[in-house]
Amino acid sequence: SDCNLNSGDNSSPTNRCVITVAAGASFNWFEVNIDGIVTADRGILFVGNAFNVIRDSKIKNVTSYGINFHKSANSNLVNNLIVGNATSGNGAGIYIDSATAGLESDYNSINNLTVMNSGSAVYLFRGARLSTLSRILSVNNNYGIRGTSNSVHVDSNTSDHLTIMNSGTD
């Protein structure tokens, strides 16, 4: 469906998302099998919400991101996720960003993530802070784990048990 990246609703759509969780809608639980059929930019878009759980899920064939935590999407848990074919060169299994200072996306936990044939496994961008990445497998991606600040700091993220294979700029 159509989605607005700034609000998470479908007014003035800027993108196509399979599932959109609008600002303020927190405490959601997802166990999904998504095929974006390469017409959706994002599998799941979270905008300004917190305490969501995504577990035992698969997302494939999206043009940008399997999951996008955007604008103060805080304290979310991803456990046992497989993402394949996030086809954009900058696409990622999970993309965490804030867009502007003061709207940082903090304290997200990502465990047991497998991403293949995508831009990167995890892309930490503009204000992705204090996240924990554990047991990440990146195969045939342009990047393994990617971090870019673009004037809003990406810092204090921790990671362990990373396996990055055949991923361009590891």
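Let's start with F51, which is partly exposed: its relative accessible area is 46%. Keep in mind as you look around that this is a predicted model. F27 has a relative accessible area of 65%, and since anything over 50% counts as exposed, that is the label F27 gets.

Searching the whole structure turns up 5 aromatic pairs. How do the rings of F27 and F51 sit relative to each other? Their centres are 5.1 Å apart and their planes meet at 15°, so this pair is stacked. The two partners come from distant parts of the chain, 24 residues apart. You'll find F27 in the loop between strand 2 and strand 3, while F51 is in the loop between strand 5 and strand 6.

## Rings on the inside

Now look at F30 and F46, another aromatic pair. Here the arrangement is edge-to-face, with 80° between the planes and 5.8 Å from centre to centre. F30 belongs to strand 3 and F46 to strand 5, so their pairing ties together parts of the chain that are 16 residues apart in sequence.

Are these two buried or exposed? Both F30 and F46 are buried.

## A sulfur link

Next up, the cysteines. The count of disulfides comes to 1, and the partners are C3 and C17, with 2.0 Å from S to S. C3 sits in strand 1 and C17 in strand 2, so to speak two distant parts of the chain, 14 residues apart.

## Around T20

Strand 2 covers residues 15-21, and T20 is part of it.

What does T20 touch, if you skip its neighbours within four places in sequence? The answer is C3, G8 and L45. C3 is the cysteine that is joined to C17 by the disulfide. L137 is another story: 117 residues along the chain from T20, with 26 Å between the two C-alpha atoms.

## A charge over a ring

One last stop is R146 and Y143. The charged end of R146 sits over the ring of Y143, at 4.3 Å from the centre of that ring.

Notes. Residues numbered from 1 in each chain as written. Predicted model: local features only at pLDDT ≥ 70, side-chain atom pairs only at ≥ 80, totals over all residues. Heavy atoms only, no water. Helix = DSSP H or I, 4+ residues; strand = E, 2+ residues; numbered from the N terminus. Contact = heavy atoms within 4.5 Å. Disulfide = S-S within 2.5 Å. Phe/Tyr/Trp six-rings, centres within 6.5 Å; stacked < 30°, edge-to-face > 60°. Buried < 20%, exposed > 50% of the residue type's maximum accessible area, 1.4 Å probe, protein only. Lys NZ or Arg CZ within 6 Å of the ring centre and 35° of its normal.
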